[in-house]
Amino acid sequence: MTGEIKLNDKSRHTVLIVDDETINIKILSDLLKDDMQVLFATNGEDGISTAHKSHPDLILLDIMMPGMDGYEVCRRLKTNPKTKSIPVIFVTAMDHTQDQAAGLELGALDYITKPFDPDMIRAKIKNHIVQTAKTIAATAAEAEAMPATSGGDRRSTPREVGG
């Protein structure tokens with residue numbers, strides 16, 4: 001993959017917002033809708049389901065939600081092979097360092113506290129999406145560069161001496 005990654009290609013970049021407060025979803029959606037496709041869920045269960053179905057490029061996840069909190073959502077996403085590679089950013093009012101550490105230990109990529117600065121959140125999201133895309137491209141390039149080996153090619157498999 002070469003060239004600059006453009007965030008205005010809505011077919012390429014999708015963000016899932018998981019928050020029980022519709023005002024927070026609206027604020028974040030309004031900030032991001034010009035640059036990417038925005039999906040949302042208003043509870044943890046729906047957030048997990050939407051992540052499984054649509055495999056977004058990034059998840060913005062609130063922590064304080066009724067029922068399943070954001071920590072549990074993140075834990076479930078990160079232990080599921082289908083969703084574990086989706087980057088998660090917590091967007092929450094919980095601003096203590098122990099809260100941030102708990103989220104990062106669960107596998108979240110970043111932690112943004114409310115109220116947030118619109119320019120800061122756009123920059124962080126863009127940077128994380130671009131970095132994730134570069135990592136995926138580099139991994140794909142490495143996989144392509146590896147010589148293919150098959151069980152039928154005896155030259156590529158070790159043999160026992162004298163056998």
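Student: What makes the side chains of Lys114 and Asp62 a salt bridge?

Tutor: A salt bridge needs a side-chain nitrogen of Lys or Arg within 4 Å of a carboxyl oxygen of Asp or Glu. Lys114 and Asp62 meet at 3.6 Å, N to O, so the pair qualifies. Lys114 lies in the loop between β5 and α5 (118-145) and Asp62 in the loop between β3 and α3, so the pair ties together parts that are 52 residues apart in sequence. Helices (H or I, at least four residues) and strands (E, at least two) are DSSP runs, numbered from the N terminus.

Student: What kind of model and numbering are these?

Tutor: The model is predicted: local features need pLDDT of at least 70, side-chain atom pairs count only at pLDDT 80 or more, and totals for chains, interfaces and linings use all residues. Residues are numbered from 1 along each chain as its sequence is written, and side-chain values use heavy atoms, with hydrogens and water left out.

Student: Which parts does the salt bridge between Glu45 and Arg76 tie together?

Tutor: The two side chains meet at 3.4 Å, N to O. Glu45 lies in helix α2 and Arg76 in helix α3, so the bridge ties together parts that are 31 residues apart in sequence. Glu45, at 47%, counts as partly exposed. Arg76, at 35%, counts as partly exposed too.

Student: How many salt bridges does the rule give?

Tutor: The count comes to nine.

Student: What puts the buried residues of α3 on the same side?

Tutor: In helix α3 (residues 70-79), the buried residues are Gly70, Tyr71, Val73, Cys74, Leu77 and Lys78. They cover an arc of only 160° around the axis, so they sit on the same side of α3. That arc is taken from the directions from the helix axis to the C-beta atoms.

Student: What do those buried residues pack against?

Tutor: Their partners are α2 (44-54), β3 (58-61), β4 (88-92), α4 (97-105) and β5 (110-113). Contact here means heavy atoms within 4.5 Å.

Key: Buried means under 20% relative accessible area, exposed over 50%, partly exposed in between (1.4 Å probe, protein chains only).
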